[in-house]
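Here is a short note for a colleague who is new to this structure. Please read it with the model open.

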Amino acid sequence: MKLYKEFKEFAVKGNMMDMAIGIIIGASFNKVIDVLVKKILLPPLSLLTNGVNLQSKRIVLKDAVVDASGTILKDEVAIGYGAFGEAFLDFVIIGFTVFIVVKFMNKLRNKAQDVKDKTVVTPKDIELLSKMTSLMEEQNNLLKSKK
């Protein structure tokens, strides 16, 4: 029963919904980047390299064993560096995009936390902390002046 109560508390706080939304957006974003790399960036690169398909590039360590009828008895052993190159390109694009989004979000958060900036609504907790700080400074100045 305690586990159910903890799960209910976790779900109600919004953490679970935030995680679910992040996972769904991340999965969709991954599909977009995959299409961007495979269908938009790699075809011109392939054209520039005389039709070389990057994904099929590999170093064959051991050829496949095939019988007379063409049935594969043993698969080939190969290092697929082309697929790694594609995955690395995906990683670089996703990493750069996440960097830009985080930088933008930090800029918005910093702007929202600046009490003096009236163009953005300051969160109540930051506003209250700012008022408390100014009141404490005022009180300290009064105490210093009485000495």
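How many Å apart are the mean positions of the positive and negative charges of the chain?

1. Charges. The mean positions of the 22 positive and 16 negative charges lie 8 Å apart. Lys and Arg count as positive and Asp and Glu as negative, with His and the chain ends not counted. Each charge is placed at NZ of Lys, CZ of Arg, CG of Asp or CD of Glu.

2. Basis. This is a predicted model, in which local features need pLDDT of at least 70 and side-chain atom pairs count only at pLDDT 80 or more, while totals for chains, interfaces and linings use all residues. Residues are numbered from 1 along each chain as its sequence is written, and side-chain values use heavy atoms, leaving out hydrogens and water.

3. Layout. The chain has four helices and four strands. Their order from the N terminus is α-α-β-β-β-β-α-α. Helices (H or I, at least four residues) and strands (E, at least two) are DSSP runs, numbered from the N terminus.

4. Overall form. The radius of gyration is 29 Å, well over the 15 Å that the globule rule gives for 147 residues, so the chain is more spread out than a compact globule. The radius is taken over C-alpha atoms, and the rule is 2.2 Å times the number of residues to the power 0.38. Along the principal axes, the C-alpha atoms fill a box of roughly 100 × 55 × 30 Å.

5. Burial. Buried residues make up 8% of the 147 residues. Buried means under 20% relative accessible area, exposed over 50%, and partly exposed in between (1.4 Å probe, protein chains only).

6. Salt bridges. The count is two. The rule asks for a side-chain nitrogen of Lys or Arg within 4 Å of a carboxyl oxygen of Asp or Glu.

7. The pair within a helix. Lysine 38 bridges to aspartate 34, with the closest N and O atoms 3.4 Å apart. Both residues lie in helix 2 (residues 15-48), four residues apart, about one turn of the helix. Lysine 38 is partly exposed at 34%, and aspartate 34 is partly exposed at 27%.

8. The pair between loops. Arginine 58 and glutamate 76 form a salt bridge (2.5 Å, N to O). This pair links distant parts of the chain, 18 residues apart. Arginine 58 sits in the loop between helix 2 and strand 1 (59-62). Glutamate 76 sits in the loop between strand 3 (72-74) and strand 4 (77-79). Arginine 58 is partly exposed at 42%; glutamate 76 is partly exposed at 31%.
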